[in-house]
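Subject: Structure handover

Hello,

Here is the structure I said I would pass on. My notes on what was found in it follow below.

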Amino acid sequence: QVQLVESGGGLVQTGGPLRLSCAASGRTFSRDAMGWFRQAPGKEREFVAAITWGTGRTFYTAAAKGRFTISRDSDKKTVYLQMNSLKHEDTAVYYCAAGSSLTVWRASYDYWGQGTQVTVSS
């Protein structure tokens, strides 16, 4: 079992930054990939970015590339999502997830956090 707890969400103005954290515990060694997804009201949950614990390899969706940065601190078992130049359309609940491989496919991630709300005011 892997437990994930997100934090760092909140209300931010358009153009501002926000950093999300995801603290992992349990059998984290069993899952190499950590991903961030988001879900806006009335929309499907979508992939944002992912990183591997081992090599630190990253992958971003087009909407996140250039504005968001995913990173990890293996000692703290924590993954971060630094979000800059936030837009109103970034408003969503952001979820952290753990999976076996670096992929954009939601079904490949089998452990999920409870989510943290990010609201970008225009």
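Ser85 is partly exposed, because its relative accessible area is 42%. Please keep in mind that this is a predicted model. Ser85 sits in the loop between strand 8 and strand 9, and its phi is positive, about 50°, although the residue is not a glycine. Lys77 also has a positive phi without being a glycine, with a value near 50°. Lys77 belongs to the loop between strand 7 and strand 8 and counts as partly exposed because its relative accessibility is 34%. As background, most residues other than glycine have a negative phi.

Nonpolar cores

The largest nonpolar core has 29 residues. Those that touch the most other members are Leu4, Met34, Trp36, Leu81, Met83 and Tyr94. Two or more residues of this core come from each of these elements: strand 1 (2-7), strand 3 (18-26), strand 4 (33-39), strand 5 (46-52), strand 7 (68-73), strand 8 (78-83), strand 9 and strand 11 (116-121). There is also a second, separate core of six residues, with Ala33, Phe37, Ala50 and Tyr109 among them. In general, nonpolar side chains in soluble globular proteins tend to be buried together.

What is Met83 in contact with, once its neighbours within four places in sequence are left aside? The partners are Gly16, Pro17, Leu18, Leu20, Arg67, Phe68, Tyr94 and Val118.

The disulfide

The count of disulfides comes to one. Cys22 and Cys96 form this link, and their sulfur atoms are 2.0 Å apart. The angle about the S-S bond is -75°, and the link of Cys22 and Cys96 is left-handed. Cys22 belongs to strand 3 and Cys96 to strand 9, so the pair ties together parts that are 74 residues apart in sequence. Are the two cysteines buried or exposed? Cys22 has 0% relative accessibility and therefore counts as buried. Cys96 is likewise at 0% relative accessibility, so Cys96 counts as buried.

Salt bridges

A search of the whole structure gave five salt bridges.

- Arg31 is in the loop between strand 3 and strand 4 and Asp110 is in strand 10, 79 residues apart, and the pair links distant parts of the chain. Arg31 counts as buried because its relative accessibility is 17%, while Asp110, at 39%, counts as partly exposed.
- Arg38 and Glu46: their side chains meet in a salt bridge at 2.7 Å, N to O. Arg38 has a relative accessible area of 9% and is therefore buried. Glu46 is at 39% relative accessibility, so Glu46 counts as partly exposed.
- Arg106 and Glu44: their side chains meet in a salt bridge at 3.7 Å, N to O. Arg106 counts as partly exposed because its relative accessibility is 38%, whereas Glu44 is exposed, with a relative accessible area of 61%.

Arg38 and Glu46 also belong to a network of salt bridges, in which they are linked with Arg67 and Asp90.

The surface

Which residues form a nonpolar patch on the surface? They are Phe59, Val104 and Trp105, and together they have about 330 Å² of accessible area. Trp105 is located in the loop between strand 9 (92-99) and strand 10 (109-112). Why does Trp105 count as exposed? Its relative accessibility is 60%, and exposed means over 50%, so Trp105 falls in that class.

Regards

Notes
Residues are numbered from 1 along each chain as its sequence is written. This is a predicted model: local features need pLDDT of at least 70, side-chain atom pairs count only at pLDDT 80 or more; totals for chains, interfaces and linings use all residues. Side-chain values use heavy atoms; hydrogens and water are left out. Patches are made of residues with over 30% relative accessible area and no salt bridge: like charges are joined within 9 Å, nonpolar side chains (Val, Leu, Ile, Met, Phe, Trp, Tyr) within 5 Å. Accessible areas come from the Shrake-Rupley method with a 1.4 Å probe; for residues, only the protein chains shown count as cover. A salt bridge is a side-chain nitrogen of Lys or Arg within 4 Å of a carboxyl oxygen of Asp or Glu. Helices (H or I, at least four residues) and strands (E, at least two) are DSSP runs, numbered from the N terminus. Buried means under 20% relative accessible area, exposed over 50%, partly exposed in between (1.4 Å probe, protein chains only). A nonpolar core is a set of buried Ala, Val, Leu, Ile, Met, Phe, Trp, Tyr and Cys residues joined through side-chain atoms within 4.5 Å. Contact means heavy atoms within 4.5 Å. A disulfide is a pair of cysteine sulfur atoms within 2.5 Å.
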